Amino acid sequence: MASHLRLTPLLFPLLFGLSLIQISDAGGIAIYWGQGGNKGTLIQTCATGRYKYVNIAFLNKFGSGRKPEINLANHCNPASNGCRVVSNGIRYCKRPGVKVMLSIGGGIGSYSLSSAKDAQNTARYLWNNFLGGKSPSRPLGDAIDFAIELGSKKYWNNLAQYLKAYSKPGRSLYLSAAPQCPLPDRFLGAALNTGLFDYVWVQFYNNAQCQYSSGNINRLISSWNRWTNSMKAGKLFLGLSAAPQAAGSGYVPPNVLTSRILPIVKRSSKYGGVMLWSKYYDNRTGYSSRIVRNV
C-alpha cells in the first residue's frame, strides 16, 4: 500500500455502513478507495459495476492509548457531519451487492496494539463505531480489512479473534487482509494462521522475490502457489498495482495478467479474484476495465 497525500486526521463519530452479503465463489475485483486525488466518489466507484469489493482506506490511528482517527483524504470532514455523504455512498454500493470494508492501517499513520486487552478494546471500538454495535451514529456493517504495515507485529491475531467473536448466526462479521507476498507476512502472519480471514489480497508488488518482472512470471506464480498451499483463509486474491506509478516495482501489464497469469492462478479452488491499488490509479489507466471480463 502507499499514499501520496499528506494525511489530515479526521474526527469521530463517522456514520459508516458496510454491506452484508453472502460470500461468492466467483472471481471479482477488489479496489482500495479513499486515498489519492481525482478518484471519484464512492457512488461513482460502485456505479461502474467493475468492483465486487471496496476497501475504504484508512483508519490509520488507533491502539496503545491513541484516540482513533480516520483519514479519507479530501472526501469529507466528519467534524461537520460531512461524511454522511460517504455513508450514502456505502448504502448505494450495497444495492447491487458490492461488499465494502473499513480498512485499518496503511503505509502512513500511527497505530499498534500493546496487549491482548488493547486488541479487545480496539475490537469493541470498531464494533460499536463502524459495525453492528451501538453508537450515536448508528452504524451498520460487517467487515474489517487489515492493511497492517507499521508499528508492532504483536496482537493482530487477538484483534482478529475478538472481532470474529461478534459474528452471530445469520450475520457474520467478515475479515480481510492485505499481506505482502513474502511468507510469512511479518505483521499479519500470526493473524492469518488463525484461519479467521474470509478474503486475503496478497500484495504481489514492491517485493522483488515474489513479483512479476520484465516478462518473468515465475516468481509471482511460485509465490502464489506457496500461498494457496499454506493459507488457512477463505479466498485468495492477486494483489496488483493499477499503474506503474502506484508501486515501486512489480507492475503487471493487463495483457500479461489476462493471457499468462490468470489462466494459471484461476486453477486454484482458493482463487477469489484480483485486488488493485488503487481507485485513483485505476482511474488513470483503466486497468480494471481491461481485465474485468477475465477475472
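Reader: Which elements do the buried residues of α7 pack against?
Author: This is a predicted model, in which local features need pLDDT of at least 70, side-chain atom pairs count only at pLDDT 80 or more, and totals for chains, interfaces and linings use all residues. Residues are numbered from 1 along each chain as its sequence is written, and side-chain values use heavy atoms, with hydrogens and water left out. Helix α7 covers residues 254-265, and its buried residues are Pro254, Val256, Leu257, Thr258, Ile261, Leu262 and Val265 (buried means under 20% relative accessible area, exposed over 50%, partly exposed in between, with a 1.4 Å probe and protein chains only; helices, H or I with at least four residues, and strands, E with at least two, are DSSP runs numbered from the N terminus). The elements they pack against are α6 (218-230), β9 (235-241), β10 (271-277) and α9 (287-291).

Reader: Which residue's backbone oxygen does the side chain of threonine 258 reach?
Author: Threonine 258 is found in helix α7, and beyond four places in sequence it touches Pro263, Arg290, Ile291 and Asn294 (contact means heavy atoms within 4.5 Å). A polar contact is a pair of N or O atoms within 3.5 Å; within protein, one must be able to donate a hydrogen and the other to accept it, and residues adjacent in sequence count only if both atoms are side-chain atoms. At 3.3 Å, the backbone oxygen reached by the side chain of threonine 258 is that of asparagine 255.

Reader: How many of the residues of β9 are buried?
Author: Lys235, Phe237, Gly239 and Ser241 point one way from β9, while Leu236, Leu238 and Leu240 point the other way, and all are buried. In a regular strand the side chains alternate between the two faces of the sheet. Strand β9 is largely enclosed by the rest of the structure, because the buried count is seven of the seven.

Reader: How many bridges join β9 to β10?
Author: Two strands pair if DSSP finds at least two bridges between them. On one side, β8 (residues 199-203) runs parallel to β9 with five bridges, and tyrosine 199 stands opposite lysine 235. Towards β10, leucine 236 stands opposite tyrosine 271. Strands β9 and β10 also run parallel, and the bridges joining them number six.

Reader: What kind of aromatic pair do tyrosine 111 and tryptophan 156 form?
Author: Rings of Phe, Tyr and Trp (its six-membered ring) pair if their centres lie within 6.5 Å; planes under 30 degrees apart count as stacked, over 60 as edge-to-face and the rest as tilted. By this rule the count comes to 19 aromatic pairs. Tyrosine 111 and tryptophan 156 lie 6.4 Å centre to centre with 70 degrees between the planes, which makes the pair edge-to-face.

Reader: Why does that pair tie together parts of the chain that are apart in sequence?
Author: Tyrosine 111 lies in strand β5 (residues 110-111) and tryptophan 156 in helix α4, so the parts tied together are apart in sequence by 45 residues.

Reader: Is phenylalanine 130 buried or exposed?
Author: The rings of phenylalanine 130 and tyrosine 125 have centres 6.4 Å apart and planes at 65 degrees, so this pair is edge-to-face. Tyrosine 125 counts as partly exposed because its relative accessibility is 22%. At 0% relative accessibility, phenylalanine 130 counts as buried.

Reader: What is the relative accessible area of leucine 173?
Author: Leucine 173 is in the loop between α4 (156-164) and β7 (174-177). Leucine 173 counts as buried because its relative accessible area is 1%.

Reader: Which side chain makes a polar contact with the side chain of asparagine 207?
Author: Asparagine 207 is found in the loop between β8 and α6, and it is buried, with a relative accessible area of 11%. Beyond four places in sequence, asparagine 207 is in contact with Gln180, Cys181, Pro182 and Ser249. The polar contact, at 2.8 Å, is with the side chain of glutamine 180.

Reader: Over which residues does pLDDT stay under 50?
Author: pLDDT is the predictor's confidence in each residue, from 0 to 100. The protein averages 87, and 85% of the residues score at least 70. The stretch where pLDDT stays under 50 is residues 3-25.
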